[in-house]
Amino acid sequence: MKNKDEKIGGRMSRVDAVLKVTGGATYFAEYEVPNLTYGVLVPSTITRGRIKNIDTKKAESAPGVLAVLTHVNAPKVPAYEAKEPSKTSSGRGPGMMAFHNDEIHFNGQPIAMVVADTFERATYAASLVKAEYQEQKHQTDLKANLAKGNVPKTNKSLQDYQRGEKDAYKTAPVNLEEEYVLPSEVHNPMELHGILAQWDGPDKLTVYAKTQGVKMTQQVIAETFKLPKENVQVHSQFVGGAFGMSLRVWPHEIATILAAKKVNRPVKLVITRNEMFTIAGYRPHTHQKIGIGATKEGKIVGISHWANVQNSNYEEFTEATVAMTKFMYQIPNVNTTYRVVPLDICSPIPMRGPGEATGAFALESAIDELSYALDVDPIELRIMNYPEKDPERDLPWSSNYVREAYKMGADKIGWSNRSNQPKAKMEDGMWVGYGMATGTFGAHRRPATARACLNANGTLLVQSAASDIGPGTGTAMVQIAADVMGIPANRIKFELGESNLPDAPIQGGSATVASVGSAVHEACMELRQKLVELSGNALKNAKVDTLVYEDGKISSPKDRSASITYAEVLKRNNLPKLEVIKESKLSEDQQKKFAMYSFSVHFVKVHVHPTTGVVKVKHAVALADAGTIVNHKTASSQMMGGAVGGIGMALTEEAVIDHRFGRYVNNNFADYHVPVNADVPEVDVLFVDKKDPYTTPMGSKGLGEIAIIGMAPAIANAVYNATGKRIRELPITPDKLI
Ligand code: MOS
């Protein structure tokens, strides 16, 4: 019999767990390469202007130093020389050209890279590089620059949107208009960013990278250096967390490749925690305003949503901050406005649940505020305005069990203990509050290819150039293959994280299981079909659609004599192996017929200390309507991780800039607070676990982003329920409550 944990829907443990906990998993910075040298970056100390002069002499003569790379002496980059846009590969290129000219766009922008024979010597020499600048006045304060917002040029879906009447909320019997502010947050995965680059002659390059897409990194580097793709090998088998920060190639990666060219030796760059704040992206500081109005009975009449999002001054970044407002509730009159505000700061990059999480904080806070204004339970208000179909595109949902999720979560958190009046309950001397909020994210699926190769001994090798930044992608893929093929998981190997493997999309936007998993599923189905075709007369009496694939053999429950092992099929056909390569994608037709979204609902119970204003999340329930759950163990971990990220958003995380200098003041783990174990309560994870008939062959929908999206507003709503204080600017620190 098949091990049920190795079937789709099981709880199989991670295939790489032992490697990870024993140090056997190799991350980019750990590769042993002969002749390795070490790069250290020198940051700009001004925020805007030009480099007048850069003095590298002292650094060059320091012990062990091989080169100091600057805009003056850096090797030429073919794509830059050709004056091609610095953005390559649909915006996943470096955006800003490394060491290309004397312009300074933000504080901390690398102006030089010192390469030495040890990291310590490079670090010391970097301190000897001195620059003179021609400084210009800078702007890093979003609030002071709100009026400078631009309509985004690069994203059509974020043009001004209107359905029905404009600002209809204003004339509704019950209405409110409020502003919601999210600070910058920084991904801060445990693993620092960087790259190890090694040239083999003038036109062949190998890199060990921290990336969410080996194919993406390969393509960007190939385009930047005008090399054939196959001349660029990217290795990234293990990634120690990313949360979006590795969805592009950053300028310092190009700089490292240039340095390796300059010194003609491999160069490794691992940026510092400080640099993780300044040069590797963040969730952008965002000002939002929501106007919402309803009838006295609670029917929402109109909603308006404005978002102003911090950007860099050298490229445009957009995210779907106002998207959820268009379809989450049945509202006849909707208008949204999205503006990007260029500032002298590094570009943002998607951070878990990206704009949807930012937007949900505003939308789901406003819905909660409306529920108090109407004196109706916030779950009831949501159910009253539930859209039977997608009101934005007028399409049926591929699946939507959000109402079921409300009920499951309410039962689990003990919603009946909640008072609809704020500041009504105390427990152990603490104000008690309950809150909930909803999240949603597109159930995306992108084209992906998998190779499945059955060996003569009955083992299976499956390959695709997917990334696994931590969610357990390899595990889910083995499980899908084990389920379809009926081969025990310990006889299946899934290879990922290498650019020479079959095509896979970036690991972003919660789409890997849907994309790569579907390719694995389809490749294995085709392998089964081939085995039947090659089975000769062994199955001649059995109907194909009644065949069972289990324990490495095909059999028919109806006819006991009809049975043959996979190994025997190969042997009889004299085949050393049987291979299938399958490209899988969702038909455009299907995509046009259904609105495909995953949904989450978060419930929390908080305690708030009446004197100090300290908020403690006592209990959290994280629920997902994400179709069939492929692996309950790894999916639960995803949901817990997202809930922890949401606690950070709500209560602790804020990257603070001193605008006088344009510089972060809390760019380290001592001052930037990510939640620690003591901040995290019991998190109960629940899944609706109902198959989506249209998204993927497994019936699954994406999970990674929704895990965080509703969590921060759920906490803000619970804090209001506990204290009667509505905090509209995150994080909810004690000073805002006392
Ligand atoms: Mo995710 S923000 O798409 O890595």
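This is a predicted model: local features need pLDDT of at least 70, side-chain atom pairs count only at pLDDT 80 or more; totals for chains, interfaces and linings use all residues.
Residues are numbered from 1 along each chain as its sequence is written, and side-chain values use heavy atoms, with hydrogens and water left out.

Okay, Asn73. You'll find Asn73 in the loop between strand 3 (65-70) and helix 3 (78-81); helices here are DSSP runs of H or I with at least four residues, strands are E runs of at least two, and both are numbered from the N terminus. The side chain of Asn73 gets to the backbone oxygen of Val68 at 2.8 Å. Asn73 and Lys262 sit 189 residues apart in sequence, yet 9.2 Å apart in space, C-alpha to C-alpha.

Now, salt bridges, meaning a side-chain nitrogen of Lys or Arg within 4 Å of a carboxyl oxygen of Asp or Glu. How many turn up in the whole structure? The search finds 29. One of them joins Glu369 to Arg726, with the closest N and O atoms 3.9 Å apart. That pair links distant parts of the chain: Glu369 is in helix 8 (residues 354-374), Arg726 is in the segment after helix 17 (711-723), and they're 357 residues apart.

Are those two buried or exposed? Glu369 is buried at 10% relative accessible area, and Arg726 is buried at 13%; buried is under 20%, exposed is over 50%, and partly exposed is in between, using a 1.4 Å probe and protein chains only. Both residues also belong to a salt-bridge network with Glu178, Asp368 and Arg728.

Key
A polar contact is a pair of N or O atoms within 3.5 Å; within protein, one must be able to donate a hydrogen and the other to accept it, and residues adjacent in sequence count only if both atoms are side-chain atoms.
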